[in-house]
Amino acid sequence: MIQKMALDEFDSLGDKVIEGYQLTDNDLRTLLSLESKEGLERLYSAARKVRDHYFGNRVFLNCFIYFSTYCKNQCSFCYYNCRNEINRYRLTMEEIKETCKTLKGAGFHMVDLTMGEDPYYYEDPNRFVELVQIVKEELGLPIMISPGLMDNATLLKAREKGANFLALYQETYDTELYRKLRVGQSFDGRVNARRFAKQQGYCVEDGILTGVGNDIESTILSLRGMSTNDPDMVRVMTFLPQEGTPLEGFRDKSNLSELKIISVLRLMFPKRLIPASLDLEGIDGMVLRLNAGANIVTSILPPDSQLEGVANYDRDLEERDRDIKSVVRRLEIMGMKPARQADFEAVLGC
């Protein structure tokens with residue numbers, strides 16, 4: 001369909017998606033192949049039209065608490081893989097409570113509790129469940145957990161104690177690329193964990209990396225793979241080479257930009273949450289991602305926080321511009337605003 005459209009007819013794509021049109025693989029090839037500035041701007045515009053139809057100018061805000069950077073895995077792309085000799089931390093329960101106090105009334109819609117696959121919590125998963133319970137009692141907000149591949153029993157207990165959302169990224173559905181990225185880890189295990197969580201009433205987030213050796217066909221495979229999970233949030237993040245990792249020197253030559261894929265995600269998943277992460281380019285990057293069709297700002301850190309992000313573009317900067325007040329100020333300049341909490345919980349349905 002899209003291949004036959006003249007550029008000036010491209011503007012109707014958003015309307016077609018709103019009417020129920022579903023992109024074919026050939027559509028995806030055409031969109032992912034776009035390179036001209038004009039073509040990309042029209043793609044972003046179509047994605048914004050779809051986003052605005054369902055969400056208006058409302059944006060959701062997600063607080064990120066990376067409470068343990070210890071991990072037993074050897075992901076080749078990740079700064080925190082167990083073989084990287086870096087400084088690590090694990091917050092105590094008291095430190096987590098203190099962090100929660102700084103977040104009360106700040107305006108977040110959800111709190112994201114993230115860790116590596118820390119042996120301390122994997123040896124006794126009840127420690128993790130207790131942490132979820134404490135944060136729920138302290139804040140009363142929806143909780144996203146990003147603990148890695150936890151067993152089903154722990155996911156159930158965490159759900160009972162207040163966890164609403166499971167973030168578990170596949171990174172790619174290209175199995176050959178997966179083996180290079182998530183070294184020694186089960187591909188099906190992550191798929192099955194999301195499926196189990198969904199059955200138990202969790203919302204789930206899936207995500208892919210781009211710029212890590214994925215070509216157009218590999219990316220289409222990943223986009224279709226994410227569809228099979230019926231995810232509530234879909235994320236794409238640009239791979240940022242990390243010091244001390246096997247992919248430290250990797251440089252990608254594709255033109256599969258994160259912004260292009262965010263727009264494609266919006267056209268494929270019109271009503272879903274799509275992150276505009278602060279983790280790669282800060283608030284200026286957030287603006288670009290929202291203009292490509294995203295609708296939830298992620299990786300906002302607690303005030304005056306020294307906690308880690310994931311890719312962490314600002315690890316070595318003296319000043320970090322990732323606080324909620326700065327985000328809201330920029331949203332207002334863009335003509336956007338934070339959604340009401342009731343709006344977010346209606347989207348969650350959980």
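Me: Where in the chain is Phe77 placed, and is Phe77 buried or exposed?
Reply: In this predicted model, Phe77 belongs to the loop between strand 1 and helix 4. A residue counts as buried when its relative accessible area is under 20%. Phe77 has a relative accessible area of 12%, so Phe77 is buried.

Me: Which residues does Phe77 touch, not counting those up to four places away in sequence?
Reply: Contact requires heavy atoms within 4.5 Å. With residues up to four places away in sequence not counted, Phe77 touches Glu171, Leu181, Arg182, Leu209, Phe239, Gln242 and Leu247.

Me: Where is Gln242 found, and which residue has its backbone oxygen 3.3 Å from a polar atom of the Gln242 side chain?
Reply: Gln242 is in the loop between strand 6 and helix 11. Its relative accessible area is 5%, so Gln242 is buried. A polar atom of the Gln242 side chain lies 3.3 Å from the backbone oxygen of Leu240.

Me: Which cysteines does UniProt list for "binding site", and what does Cys75 contact beyond its neighbours within four places in sequence?
Reply: The UniProt entry lists Cys71, Cys75 and Cys78. Cys75 is in the loop between strand 1 (58–68) and helix 4 (93–103), and with a relative accessible area of 7% Cys75 is buried. Leaving aside neighbours within four places in sequence, Cys75 is in contact with Asn81, Leu181, Arg182, Val183 and Gln185.

Me: How many disulfides does the structure hold, and how far is the sulfur of Cys100 from that of Cys63?
Reply: The count of disulfides in the structure is zero. Cys63 is in no disulfide, and its nearest cysteine sulfur belongs to Cys100, at a distance of 8.7 Å.

Me: How many aromatic pairs are there, and what kind of pair do Phe55 and Phe60 form?
Reply: There are eleven aromatic pairs in the structure. The ring centres of Phe55 and Phe60 are 6.1 Å apart, and both residues are buried. Planes over 60 degrees apart count as edge-to-face. The planes of Phe55 and Phe60 are at 85°, so this pair is edge-to-face.

Me: How many residues apart in sequence are the parts that the pair of Tyr173 and Phe187 ties together?
Reply: The rings of Tyr173 and Phe187 have centres 5.8 Å apart and planes at 90°, so they too form an edge-to-face pair. Tyr173 lies in the loop between strand 4 (163–167) and helix 8 (175–181), while Phe187 lies in helix 9 (residues 187–199), so the pair ties together parts of the chain separated in sequence by 14 residues.

Me: Over which ring does the charged end of Arg235 sit?
Reply: For a charge to sit over a ring, CZ of Arg must be within 6 Å of the ring centre and within 35 degrees of the ring normal. The charged end of Arg235 is 3.8 Å from the centre of the ring it sits over, that of Tyr169.

Me: Which residues of helix 2 are buried, and what covers them?
Reply: Helix 2 spans residues 25–33, and its buried residues are Asp27, Leu28, Thr30, Leu31 and Leu32. The cover over the buried residues of helix 2 includes helix 1 (13–18), helix 3 (37–55), helix 10 (216–227) and helix 11 (258–268).

Me: What is the phi of Ser299, and is Ser299 buried or exposed?
Reply: Ser299 is part of strand 8 (residues 296–300). Its phi is near 65°, a positive value in a residue other than glycine. With a relative accessibility of 7%, Ser299 counts as buried.

Conventions:
Residues are numbered from 1 along each chain as its sequence is written. This is a predicted model: local features need pLDDT of at least 70, side-chain atom pairs count only at pLDDT 80 or more; totals for chains, interfaces and linings use all residues. Side-chain values use heavy atoms; hydrogens and water are left out. UniProt positions are given in the numbering used here, feature names are shortened, and annotations may be inferred rather than shown by experiment. Helices (H or I, at least four residues) and strands (E, at least two) are DSSP runs, numbered from the N terminus. Buried means under 20% relative accessible area, exposed over 50%, partly exposed in between (1.4 Å probe, protein chains only). A disulfide is a pair of cysteine sulfur atoms within 2.5 Å. Rings of Phe, Tyr and Trp (its six-membered ring) pair if their centres lie within 6.5 Å; planes under 30 degrees apart count as stacked, over 60 as edge-to-face and the rest as tilted. A polar contact is a pair of N or O atoms within 3.5 Å; within protein, one must be able to donate a hydrogen and the other to accept it, and residues adjacent in sequence count only if both atoms are side-chain atoms.
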